[in-house]
Amino acid sequence: MFTPTAAFPVAGKGQTHSVYYSGEMGKQSLMSKVLHSGAAGAFRLGSRLTVHGRENAPPTGPVIVAVNHTHNMDPALIGVIMPWQVRFLAKRELVTEGNALTRWLVRTWGLIPITRDRLDREALRTAREHLSGGGAIGMFPEGTRSRDGRMGQARPGTGFLALTTGAPVLPVGIEGLAGLGHNPAFVVRRPRFTARIGKLLDLSELAESKADDRFEQATNVIMHAIASLLPEHMRGYYEGSAQDIQHTEERAGR
């Protein structure tokens, strides 16, 4: 069960947004709370952030948050707009090859390092444990950032975790960060960011399937749900007709 611990205003909304953390595994260190509060302030002052569908975020866990990936700031943005802490699975290179500051940020923010070119049982075990404790796990199904903002073909890992844990999936589409670069001077322009939170996906029907490609099918449902939250020019590999997306949503129980 998520329990409230803090609150802060959301940029461009003029309202208070409560932050929740779940159970023992969801507890944060003081420095982690400081980082999250700092991120909230940075987005409030340095961007024009609009959030749609906030009511779709469930009050309790477990939940897997599936997001399109266009910028390194994506986990921070999700941390700002969600009403509870999200622990993202992030590439292990951030720990093994990143500088001292990056490694410290990864540990403090609560990211879970994962090796992307093989089945990382250790990372999946950590994610499973966090979900079993009622927590929220964040995943980028594509496995890497899109350079042009268009969605690429996803890997089956998100579908695998969803079907093997029974956790529902919350699709989120982020717009406005692609091509932004990493020069902090962009805050002078206060770019416009838009986050759309979709309805919770129930994949229990696929979880009962014996099909060999059920994990790929589940991931495909998730990706089409994310695509439906983005403008057509960002859908990329998952670009399709409105009827295709509607059919995908109906299969997922939306």
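Analyst: A charge sits over a ring if NZ of Lys or CZ of Arg is within 6 Å of the ring centre and within 35 degrees of the ring normal. Here the charged end of Arg214 lies over the ring of Phe215, 4.7 Å from its centre. This is a predicted model: local features need pLDDT of at least 70 and side-chain atom pairs pLDDT 80 or more, whereas totals for chains, interfaces and linings use all residues. Residues are numbered from 1 along each chain as its sequence is written, and side-chain values use heavy atoms, without hydrogens and water.

User: Is Phe215 buried or exposed?

Analyst: Buried means under 20% relative accessible area, exposed over 50%, and partly exposed in between (1.4 Å probe, protein chains only). Phe215 has a relative accessible area of 18%, so Phe215 is buried. Phe160, at 24%, is partly exposed.

User: How many aromatic pairs are there?

Analyst: Rings of Phe, Tyr and Trp (its six-membered ring) pair if their centres lie within 6.5 Å; planes under 30 degrees apart are stacked, over 60 edge-to-face, and the rest tilted. The count is 3 aromatic pairs. One of them, Phe88 with Phe140, is stacked, at 4.8 Å centre to centre and 20° between the planes. Both Phe88 and Phe140 are buried. The rings of Phe160 and Phe215 have centres 5.0 Å apart and planes at 75°, so this pair is edge-to-face.

User: Which side chains meet in a salt bridge?

Analyst: A salt bridge is a side-chain nitrogen of Lys or Arg within 4 Å of a carboxyl oxygen of Asp or Glu. Arg196 and Glu175 form one, at 3.0 Å from N to O.
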